[in-house]
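Please brief me on the structure shown below. Keep it short and group the points by topic.

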Amino acid sequence: MSTARAEMPGIVMTDGLEALSACNVCRSVAIQQLDPECNLCRCSDCGYVFDNPRPNEQTITRFYSQRGKYDSWVRDAAARDALWKRRLKMLLRYHAPGNLLDVGTGIGQFLHHARAHFTEVAGTEISESAVRIAGERYGLEIQQRRIEELRLPDASFDNVTLFHVLEHVPEPARLMRRCHQLLRPGGIAVIAVPNDVLAWGSGLKKLGKRIALRPFQKFSRVAGIAKAGTSREIHLSHFTPVVLRRLLTHAGFEIVEEGLDPYYAASGVWKLAHGLYYAVHRVIFKLSGINRYETIWMTARKKGEFTRLLN
Ligand SMILES: [Zn+2]
């Protein structure tokens, strides 16, 4: 392990882009460039893979606030209902009784399904268009801010969920530390992210092999695509289960459950096909502990659960 560490990741602003000089997960400055054309870097100490340089916060907020950005979510609402019910069922296995905060809640479909199971639900979302749809469609008042900017009292939530949020935010470690502060002792955080690096079906799977074999080969993934508004997503981080586990542990959580996020939203024969594909990967994961599915699911608990009982 290198002993080189930086206090904060160094950020240089240039034309809607920024560059990092330190790892966001472990703060190491031992950063290895995987491919300059694809803007992909990897921390030599903890293995965290991230886009660098990458779009800055203003560029990302603008991207997700584009009009029509969530039209397909509204159009596919029925298929997405099934997706949210699957996730809710998984969440309810380990949730803490009480309230729920959903970070990056999108158009609010999850909170709409979840609110019957919690004393209160709240959501944050940076996209102006998504917040508007959540209000119109589900009557939800979503805070259009990052949770780091909201003046929420510490230890005020029992559950925090982040469904495919962590890969989009500039500082995932900081976000998880804030979630830790917002949770009561013993509170539950559920995190789902793409399994970009290791999944069989992932576009980044070659990268996974390359990390082990030939780290400097070409790979066609460019964060800059998002700058032009042609991509549907901007992923700044590319997590593996190991890196996500480390990030959560460093933020003060203990892992309660690890698995596969049933993220697919399909209907008809595709729903059946992907359901089968998901089931096969679950079996592989249960037997081997190896996740080659497209997504990662982790349930984590804020340490110190007995403190609440004493207070
Ligand atoms: Zn690192």
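What is the geometry of the site of the zinc ion, and what angles occur among its four donor atoms? The site is tetrahedral, with angles of 104 to 115°. This is a predicted model, in which local features need pLDDT of at least 70, side-chain atom pairs count only at pLDDT 80 or more, and totals for chains, interfaces and linings use all residues. Residues are numbered from 1 along each chain as its sequence is written, and side-chain values use heavy atoms, with hydrogens and water left out.

**Zinc site**
- The protein donors are Cys23 (SG), Cys26 (SG), Cys43 (SG) and Cys46 (SG), lying 2.3 Å from the zinc ion.
- Donors are N, O and S atoms within 2.8 Å of the metal (3.2 Å for Na, K and Ca); water is not among the atoms, so sites may look incomplete.
- Four donors count as tetrahedral if all angles lie between 85 and 135 degrees.
- Along the chain, the donors follow the spacing C-x2-C-x16-C-x2-C.
- Cysteine 26 lies in the loop between β2 (17-20) and β3 (31-35), and cysteine 46 in the loop between β4 (40-43) and β5 (49-51), so the pair ties together parts 20 residues apart in sequence.
- Cysteine 26 and cysteine 46 are both buried (under 20% relative accessible area; exposed is over 50%, partly exposed in between; 1.4 Å probe, protein chains only).

**Overall fold**
- The chain has 11 helices and 13 strands; these are DSSP runs (helices H or I, at least four residues; strands E, at least two), numbered from the N terminus.
- Buried residues make up 52% of the 311 residues.
- In helix α1 (residues 57-64), Thr59, Ile60, Phe63 and Tyr64 are buried.
- These four cover an arc of only 125° around the axis, which puts them on the same side of α1; the arc is that of the directions from the helix axis to the C-beta atoms.

**Salt bridges**
- The structure holds nine salt bridges, each a side-chain nitrogen of Lys or Arg within 4 Å of a carboxyl oxygen of Asp or Glu.
- Glutamate 18 pairs with arginine 54, the closest N and O atoms being 2.7 Å apart.
- That pair links strand β2 to strand β6 (residues 54-55), 36 residues apart.
- Glutamate 18 is buried at 5% relative accessibility, and arginine 54 is buried at 2%.
- Glutamate 258 meets arginine 245 at 2.9 Å, N to O.
- Glutamate 258 lies in strand β12 (residues 253-259) and arginine 245 in helix α9 (residues 241-250), so the pair ties together parts 13 residues apart in sequence.
- Glutamate 258 is partly exposed at 22% relative accessibility, and arginine 245 is partly exposed at 32%.

Technical notes
Tetrahedral: all angles 85-135°; square planar, octahedral: opposite > 155°, others 65-115°.
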